[in-house]
Amino acid sequence: SFPSCIYIFTHSLLSSYPLSILSTHLLHCLYLGLVGVQKQSNMGEISCASEPINGVLSRSSSSPPPSGYRKSCWYEEEIEENLRWCFALNSILHTGSTQYQEIALFDTKPFGKALVIDGKLQSAEVDEFIYHECLVHPPLLHHPNPKTVFIMGGGEGSTAREILKHRTVDKVVMCDIDEEVVEFCKEYLVVNTDAFNDPRLNVIINDARAELENRKEEKFDVIVGDLADPIEGGPCYKLYTKSFYESTVKPRLTQGGIFVTQAGPAGIFSHTEVYTCIYNTLRQVFKYVVPYAAHIPSYADTWGWVMASDSPLELSCEEMDLRIKQRVEGENKYLDGTTFSSVTTLNKVVRNALYDETHVYTEGTARFIYGHGKNDL
């Protein structure tokens, strides 16, 4: 099957960016574009066009734009078979391929720096705080006194950054399988420099399952699943399974410990891809499970998270606000007690789908969001 995204390079790209920012891989793709061959990849599609300054129509062009036109280069991501999402680029900062994934960093006009892995936007500078505050603060605030936290994935460092704002936290273990992604993010995402330099953070390069299984005598107050989306051929889908939650995650939680995971798209049309079955899978393992979701502009969709524990997950708006004031350094941009109450109030369509879901996520019955990982191409 075709990868979810492709690169298209036209002659106009040569005049759009200096050659110094184009990797060897990109130059090879550029050559293929010049001779009329389309380079297929799962990184996304980049095209250049001349467009009317005050219009919405665009036309491909390799010559200077006529009067009244400006030249734009666009990144385009295929969200599903008949739906694409694109935004204009200022520049391509980096592209590359690791053992596990293809990665790129773009400077985009609407969203600032944007990190793309396997053709899927992971985070964007202007709104990543929504995703990371929703992932991190609910479990840490619901826990009475979180001191130790384990992050599965999280290579860009933003999840660690949010966790380290909590004054109660003494130790954070961030385990990511892809060392090249971690080093890449250290170099390019300077907003997380302080987090990577914090002595409470221990960065481990390993498979999260293997790392947790090796730490047989160690338990954590909170375990955070900041994994890549479960895509076919990707490195992470096995870490969304019932067996993994049951035999690896739950035994590594302290009494009253809390697990949270990102759970994929949760929009009015996209929630059935993986969100509802991740929720239902966790219900088979934990007594208390809380799904929640928020709109993230750069994702062009609502995104979902699921929090789970064997202890009740009950916290009033007022108590959450008090704990934020007492425990968290600085001020959250997005999440407070009222906002958390809002994001846990899901629409009727999604609520009904969560209630009706019967699918349990296993390696043999895995569901995937639209797209393909590097190893599936």
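1. The buried residues of helix α8 pack against β10 (148–153), α7 (208–214), β13 (220–226), β14 (253–265) and α9 (275–283), where contact means heavy atoms within 4.5 Å. Helices (H or I, at least four residues) and strands (E, at least two) are DSSP runs, numbered from the N terminus. The model is a predicted one, in which local features need pLDDT of at least 70 and side-chain atom pairs count only at pLDDT 80 or more, while totals for chains, interfaces and linings use all residues. Residues are numbered from 1 along each chain as its sequence is written, and side-chain values use heavy atoms, with hydrogens and water left out.

2. Which residues of α8 are buried? In this helix, residues 242–249, they are F244, Y245, T248 and V249. Seen down the axis of α8, the buried residues fall within an arc of 110°, so they line one face of the helix; the arc is that of the directions from the helix axis to the C-beta atoms. Buried here means under 20% relative accessible area, exposed over 50%, and partly exposed in between (1.4 Å probe, protein chains only). An α-helix has 3.6 residues a turn, so residues three or four places apart point the same way.

3. The largest nonpolar core has 50 residues, of which I163, Y292, W305 and M307 touch the most other members. Helix α3 (residues 128–142) supplies the largest share of this core, eight residues. Another core, of 40 residues, lies apart from it and has V173, C236, Y240 and C277 among its members. A nonpolar core is a set of buried Ala, Val, Leu, Ile, Met, Phe, Trp, Tyr and Cys residues joined through side-chain atoms within 4.5 Å.

4. R323 belongs to helix α10 (residues 317–327). This arginine is buried, because its relative accessible area is 15%. The R323 side chain reaches the backbone oxygen of L141 at 2.6 Å. Leaving aside residues up to four places away in sequence, R323 touches L141, H142, H143, P144, L315 and V328.

5. D118, in the loop between β8 (112–117) and β9 (120–124), has a phi near 50°, a positive value in a residue other than glycine. D118 is buried, with a relative accessible area of 2%. A300, in the loop between β15 (288–296) and β16 (301–309), is not a glycine either, yet has a positive phi of about 55°. A300 is partly exposed, with a relative accessible area of 32%.

Conventions: Polar contact = N/O pair within 3.5 Å; in protein donor to acceptor, adjacent residues only side chain to side chain.
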